[in-house]
Amino acid sequence: MAVPDSEAQYVTFGLDDECFAVPVEVVREILDHQDAFRIPHGPDYLLGLRDVRGQGVPVIDLRLRLGMSRTTKTPHTRILVIDVKIADKALTLGLVADRVFEVTSFKHQSVESAPDIGVRWPSEYIAGVVRRETGFVVIIDLAKLFSPADAVSLVSADAGRTVAGSAAI
């Protein structure tokens, strides 16, 4: 008896002309883009904080984090609210995407490792690549996209907003 291929579900989204994906189980919700409350002295990719159901959530310009140009807001721009564990810290982050496409399944056997292009290039955040008729989908390993130092900065940004918000009461 043949064992069916196992599959995993992913949320696919676009940054510029490229297609990326994250596991569906880390995505809490997808929101329309709104400007974030700015955090002074944060990393360039940290746009600020956004209130998501009473929680201050750090909002990340994923294009900047991946070395691309800054996101330009359009009617299709969305924020993926994700829960991810980075350096033993559970974080909720908002990732800005140019557009969200769909939830789709990929068979585990169709996920290839990141290609070796022969030059020094930080590809450790790539969990895998899937070929499609229209091109490739890059699956992002969110825990590897952010360093432990990033996790501390992002937790501090959220804590600073919470403390500032409670002090105002």
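Residues are numbered from 1 along each chain as its sequence is written, and side-chain values use heavy atoms, with hydrogens and water left out. Because the model is predicted, local features need pLDDT of at least 70 and side-chain atom pairs count only at pLDDT 80 or more, while totals for chains, interfaces and linings use all residues.

Let me start with the strands, which are DSSP runs of E of at least two residues, as helices are runs of H or I of at least four, both numbered from the N terminus; two strands pair if DSSP finds at least two bridges between them. Strand β6 (residues 78-86) runs antiparallel to β3 (residues 27-32), with five bridges joining them, and aspartate 32 has arginine 78 as its bridge partner. β6 also pairs with β7 (residues 89-97), again antiparallel, over nine bridges, and there leucine 80 is partnered by leucine 95. Two residues lie between the strands of this hairpin, and alanine 87 takes a positive phi near 50°.

Turning to the interior, a nonpolar core is a set of buried Ala, Val, Leu, Ile, Met, Phe, Trp, Tyr and Cys residues joined through side-chain atoms within 4.5 Å, where buried means under 20% relative accessible area, exposed over 50% and partly exposed in between (1.4 Å probe, protein chains only). The largest such core has 29 residues, and Ile82 and Ile140 are among those with the most contacts inside it. Apart from that core lies another, of nine residues, including Leu31 and Val96.

Finally, valine 52, in strand β4 (residues 46-52), is buried at 4% relative accessible area, and its contacts (heavy atoms within 4.5 Å) beyond four places in sequence are Glu29, Leu31, Val57 and Val81.
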